[in-house]
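Here's a quick tour to read with the model open in your viewer.

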Amino acid sequence: MSLALNTKHLSSFINEEEYKAIYPQVEAAHKTLEAKNGPGSDFLGWMYLPRDYDKEEFERIKAAAAKIREDSDVLVVAGIGGSYLGARAVIEAVKGMYHNELDNGLKIYFCGNSISPTYLNDIITLCKGKRFSINVISKSGTTTETSLAFRVLRGMMERRYGKEAAERIYCTTDRARGTLKSLADREGWQTFVIPDDVGGRYSVLTAVGLLPMAVAGIDIDAVLAGAQKAMTELDNDDFSHNPCYRYAALRNILLRRGKAIEIYASYEPRFTQMGEWLKQLYGESEGKDGKGLFPASVAFTTDLHSMGQFIQDGSRNLFETVIDFISPAADLTVEEDPENLDGLNFLSGMAMRQINRRAMQGTILAHTRGGVPNLVLEVPAINEEEYGYMVYFFMLACGISGYLLGVNPFDQPGVEAYKKNMFALLGKPGYE
């Protein structure tokens, strides 16, 4: 099994009787997912996607990625929420946060995730004088943030390339309907499918995530292989040995004990964007009907010098889920300094990974003693296969956890509220 759940730091917070008491509910949630007869069952396509994905489209994704890498210096990915967070997370996890600066080849930038004119102007500047392509991702084609960015970038591209612009626009959208699909068919843009039965925040293993990943040089075969391994290994209701279901249960036990905030913590900065993906996955899935855990994320040890104070001594309404990458992508050894002015010679000869682990272990000990439950998810390494496994793990846990909460983990009715007010203020017809 690629991912292990370490619960030894929870012994003073949760007892075995609580595990046993929630088991029947976990089993019921499992059966509901398997039978596809619960709330949101029309959006369970992600469950078997790692095995049943469209092989023909998968090959088209690879071909498109090869073409983009050949004829472009920049790929701009326009999307918001689930339409970009997953892809950005894996690219930064596997390739590094500074992949655009460190790699000599194609650069990838993300836009359409805000309405900031400053941000979009920066993207435009990065594209000037460069050969660029666009991957616009939207099920409907009418998402305000994404559509605005695409309108601007499309105009820029058409002014530069003329009719050839059509060969540089790639649309990931609905299979047969919607504004973007209609426009793509009319203009001759290549299209990829967001399946009808896969919601945005569960779509990272579709073309939504796979095309940007492939363009970045990520091995998408390995990503899907990792996800398929998770799908196979986690497809059981053996509560005591299924880390995914046990994690979902622990979250709900802690919530019932008043721990309403879950903080995702990692000691690897490359995980930062994965934290953003998790915030959307769990926040949008569980935050409804007056229920849900509030998901937050921190990057340690950096945030130990800011949020660390609150976690250690603040309100006791939170717990931490620590993602522990056992093997870092790279390492360094601390050298001896004859003068030892910084007083760090006691670390001479030690690998930085070892120092980082001691920091993690010391923090977990301090936080648990301070009244903050800590559970640890151990991931062997940072690579494509482990990422694919981890993504599937969290999506499955989210489905189980949502049903334990008694909510539909696959809809997002509250997302539309701000849009109605914004459209009214902007004078959009029908929203007066």
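A salt bridge here means a side-chain nitrogen of Lys or Arg within 4 Å of a carboxyl oxygen of Asp or Glu. Keep in mind that this is a predicted model. Searching the whole structure with that rule turns up 25 salt bridges, and a few of them come up below.

**Salt bridges**

- Side chains of opposite charge can pair when their charged atoms come close.
- K20 pairs with E17 in a salt bridge, with 4.0 Å between the closest N and O atoms.
- Both partners, K20 and E17, belong to helix 1 (residues 16-35), where they are three residues apart, about one turn of the helix. K20 and E17 are both exposed.
- E276 and K279 make another salt bridge, at 3.0 Å from N to O. They are about one helical turn from each other because they sit three residues apart in helix 12 (residues 272-286).
- An α-helix has 3.6 residues a turn, so residues three or four places apart point the same way.
- E276 is partly exposed, at 28% relative accessibility, and K279 is partly exposed too, with a relative accessible area of 29%.
- Then there's K139 with D196, a salt bridge of 3.4 Å from N to O. K139 is in the loop between strand 4 (132-137) and helix 7 (144-161), while D196 is in the loop between strand 6 (190-193) and helix 9, so this pair ties together parts that are 57 residues apart in sequence.

**Helix 9, the covered one**

- Helix 9 runs over residues 207-215 and is mostly covered, with nine of its nine residues buried.
- Among those buried residues are A207, L210, L211, P212 and M213.
- For a sense of distance, L211 and G427 are 36 Å apart, C-alpha to C-alpha, and 216 residues apart in sequence.
- Just after helix 9 comes G217, with a positive phi of about 90 degrees.

**Surface patches**

- E336, D337, E339 and D342 come together as a patch of negative charge on the surface. One of them, D342, sits in the loop between strand 9 (318-327) and helix 14 (352-369).
- M97, Y98 and L102 make a nonpolar surface patch of about 350 Å².
- Y98 is exposed, with 54% relative accessible area.

**Backbone spots to look at**

- Most residues other than glycine have a negative phi, and most peptide bonds are trans.
- D289 has a positive phi, near 55 degrees, and isn't a glycine. You'll find D289 in the loop between helix 12 and strand 8, where D289 is exposed at 62% relative accessibility.
- N340 also isn't a glycine, yet its phi is positive at about 50 degrees. N340 is in the loop between strand 9 and helix 14, and it is partly exposed with a relative accessible area of 29%.
- Where does the chain have a cis peptide bond with omega near 10 degrees? Go to the bond from F300 to T301. T301 is in the loop between strand 8 (294-299) and helix 13 (307-313).

**A contact across the sequence**

- G370 is in the loop between helix 14 and strand 10 (374-381), and it counts as partly exposed at 24% relative accessibility.
- The C-alpha atoms of G370 and Q312 are 5.8 Å apart, although the two residues are 58 residues apart along the chain.
- Leaving out residues up to four places away in sequence, G370 touches Q312 and R316.

Notes. Residues numbered from 1 in each chain as written. Predicted model: local features only at pLDDT ≥ 70, side-chain atom pairs only at ≥ 80, totals over all residues. Heavy atoms only, no water. Patch = residues over 30% accessible without salt bridge, like charges linked within 9 Å, V, L, I, M, F, W, Y side chains within 5 Å. Areas by Shrake-Rupley, 256 points an atom, 1.4 Å probe, with all protein chains shown as cover. Lys, Arg positive; Asp, Glu negative; His and termini not counted. Charge placed at Lys NZ, Arg CZ, Asp CG, Glu CD. Helix = DSSP H or I, 4+ residues; strand = E, 2+ residues; numbered from the N terminus. Buried < 20%, exposed > 50% of the residue type's maximum accessible area, 1.4 Å probe, protein only. Contact = heavy atoms within 4.5 Å.
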